Amino acid sequence: MRWFNVTGIFAGLCSLGVLAGSAAVGSAHAAPATAAPTTVGLVLNYTFDNDTGVVARDAAPRAIHGTYVNTTAAEARSAGVPGRSWAITLTGAEQQYLSVPERDALDVDRFTAAALISYTGIENDHTFGRWEVLEKADAYWINVRTNGRVRVGGFFGGCTSAAWKYLDSNGVVATNTWTHVAATYNGARLTVWINGWRSGSMPVTGRTCSNNRPLAVGAKNYPAAGLLEAFWDGQIDDVRLYRRALTATQIRGLLPS
């Protein structure tokens, strides 16, 4: 089992935010109190608390259960953020990830994708410049680049390469430190969030691409194009997908208390 630094989450998750152009995330100022996580518009939520065998149980109403690939629930289970239950650890060199079955509900237009992460920074021959947190191929994604910046993106206003838009965070995320990351798209702006605070935003319009391609947690999985890459290396917890863009207050409500 790998061990990760969890003490950094309290400084990181309670920080005032990310300043444009800063080298790293965090400050000494405390964030305001947050509300409980919203469930309105929740499409997918993997908490990893009740998984068995190779089944990753979806706690959202649609119960879109995922499948562990090249690992099992028992093997992947690891201690999560203090105050929460379990997280999972995925090893990139062993090409471990979660495969999510295709469902119409995953074809979101406006959206929020979010997760608690702690990545090792260990690359392998399939990293290709980033570690994927969550991606629906050619639709939307959130990943951590090898330079530590969080990239969010998608295909907006079409499903061709001309519709491909993405944004990198202003701040960087430290390795082996629990951090909350999120992407939102409200039909007018694409925004990246770190520890509940905006770390970049850009104007984007158009409907998010709707397709029958797979969603994966911890990898890019696009069999039709022969792509299986960018495997996560580290821990992941509380993976969420909403069919709407959450507000700043609601994003902060996703952070551990």
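View 1. Cysteine 209 is buried, at 2% relative accessibility (buried is under 20% relative accessible area, exposed over 50%, partly exposed in between, with a 1.4 Å probe and protein chains only). This is a predicted model, so to speak of local features takes pLDDT of at least 70, side-chain atom pairs count only at pLDDT 80 or more, and totals for chains, interfaces and linings use all residues. Residues are numbered from 1 along each chain as its sequence is written, and side-chain values use heavy atoms, with hydrogens and water left out. A disulfide (cysteine sulfur atoms within 2.5 Å) joins cysteine 209 to cysteine 159, S to S 2.0 Å. The two sit 50 residues apart, cysteine 159 in the loop between β10 and β11, cysteine 209 in the loop between β14 and β15 (strands are DSSP E runs of at least two residues, helices H or I runs of at least four, numbered from the N terminus). Cysteine 159 is partly exposed at 39%.

**View 2. Glutamate 102 meets lysine 136.** Their salt bridge has its closest N and O atoms 3.6 Å apart (the rule: a Lys or Arg side-chain nitrogen within 4 Å of an Asp or Glu carboxyl oxygen). Lysine 136 is buried at 0% relative accessibility, while glutamate 102 is partly exposed at 28%.

**View 3. Arginine 151 and aspartate 168.** This salt bridge comes in at 2.5 Å, N to O. Arginine 151 lies in strand β10 and aspartate 168 in strand β11, so the pair ties together parts 17 residues apart in sequence.

**View 4. Arginine 240 with aspartate 238.** Here the salt bridge is 3.1 Å, N to O, and both residues are buried.
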